[in-house]
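Okay, thanks everyone, let's get going.

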Amino acid sequence: MKLIDLHTHTLASDGTDSPSALVEKAHAAGLVAVAVTDHDTVAGLDEAEEAGRDLGIRVIRGCELSTHTEYGEVHILGLWLPRDASPLEDQLGYLRRKRCERNRGIVEKLRALGLDISLEEVRATAAGSVGRPHIAAVLVAKGYVRDVGQAFRDYLGFYGKAYLPKEVLEPDVAVQLLAGLGATVSLAHPLLQKYPVPWLEGLVEKLSGYGLTAIEAWHSEHSDADTRLCVEWARRFGLGLSGGSDYHGANKPGIRLGVGRGGLRVPLDVLEKLEARRRAHGLPC
């Protein structure tokens, strides 16, 4: 069975592989297609596409946008982004500037707690955009915490001592932005955070009215029951189905391309059905 992975991250955001290295690993894993979906950036897409052409593996241009709801963050995937995505890049530039302000604020809070780290040290750990995983890496390297998990529990997570909220888009705004570019817009790992199921169902229905066209049913952190629920929502609201590992390289060491934690399988026909939906709406593949 030919397999794909439609949710991956590179060091352009918070992964640890370069875009070309990620595509090489996907090819070595036997995948026939991979989507590069970095958080809030499209910086690695050209490099990934070039590697895909060299290796004969299909690369889908994508990104993952963080959005805010009353229950917490919800992530939106855009697949088949056009090369000219100026409206998206303008919005992402604003969000990156706000992320820089947040990083500076977190480092200042850590220093006030007696942890001697600098923003320069954090930046030195990142090849792309800087975020909390890079701050965590510095905390580990300097011996303030045992591992990244403790860094988030004690300092960087929602209940951490140095936490600051991130400025993000509203879900409907993100969906409309991506849909306006002709992207396939998918709700990422909807059962990951265990938000109230009736609320999630209502969100899927609401977003489908703004241009949501798919739902990520297969994910490394989804149970079989989660996947079945996503499939049911897709049927009920006329959405396509997507799936991927949410690979981040060494930042999520238990997750591998194409197979997640070992049991994930997203067959090629998932991609083919998404492409058929795009063609039916006059969109390029």
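**The sheet and its rings**

So, this one is a predicted model. Let me start with a helix: α8, residues 197-208, lies across β3 (58-69), β4 (72-79), β5 (184-187) and β6, and against β4 it runs at about 40°.

What is it lying on? The strands belong to an open sheet of seven, with mixed pairing, and the order is simply β1-β2-β3-β4-β5-β6-β7. At the edges you've got β1 (4-8) and β7 (240-244); each has a single partner strand, so one side of each is left without a neighbour in the sheet. On average, neighbouring strands here are turned by 30° against each other, ignoring direction.

One to click on: W218 has G243 in β7 as its bridge partner.

Now the rings. How many aromatic pairs are there? The count comes to five. Take F158 and Y159: the ring centres sit 5.0 Å apart with the planes at 90°, so that's edge-to-face. F158 is exposed, at 56% relative accessible area, and Y159 is exposed too, at 76%.

Then there's Y195 with W199, also edge-to-face, 5.7 Å centre to centre and 85° between the planes. Buried or exposed, these two? Y195 has a relative accessible area of 14%, so it counts as buried, and W199 is buried as well, at 17%.

Conventions:
Residues are numbered from 1 along each chain as its sequence is written. This is a predicted model: local features need pLDDT of at least 70, side-chain atom pairs count only at pLDDT 80 or more; totals for chains, interfaces and linings use all residues. Side-chain values use heavy atoms; hydrogens and water are left out. Two strands pair if DSSP finds at least two bridges between them. Helices (H or I, at least four residues) and strands (E, at least two) are DSSP runs, numbered from the N terminus. Axes are lines fitted to C-alpha atoms, for helices over the stretch in contact, and angles run from 0 to 180 degrees between N-to-C directions. Contact means heavy atoms within 4.5 Å. Rings of Phe, Tyr and Trp (its six-membered ring) pair if their centres lie within 6.5 Å; planes under 30 degrees apart count as stacked, over 60 as edge-to-face and the rest as tilted. Buried means under 20% relative accessible area, exposed over 50%, partly exposed in between (1.4 Å probe, protein chains only).
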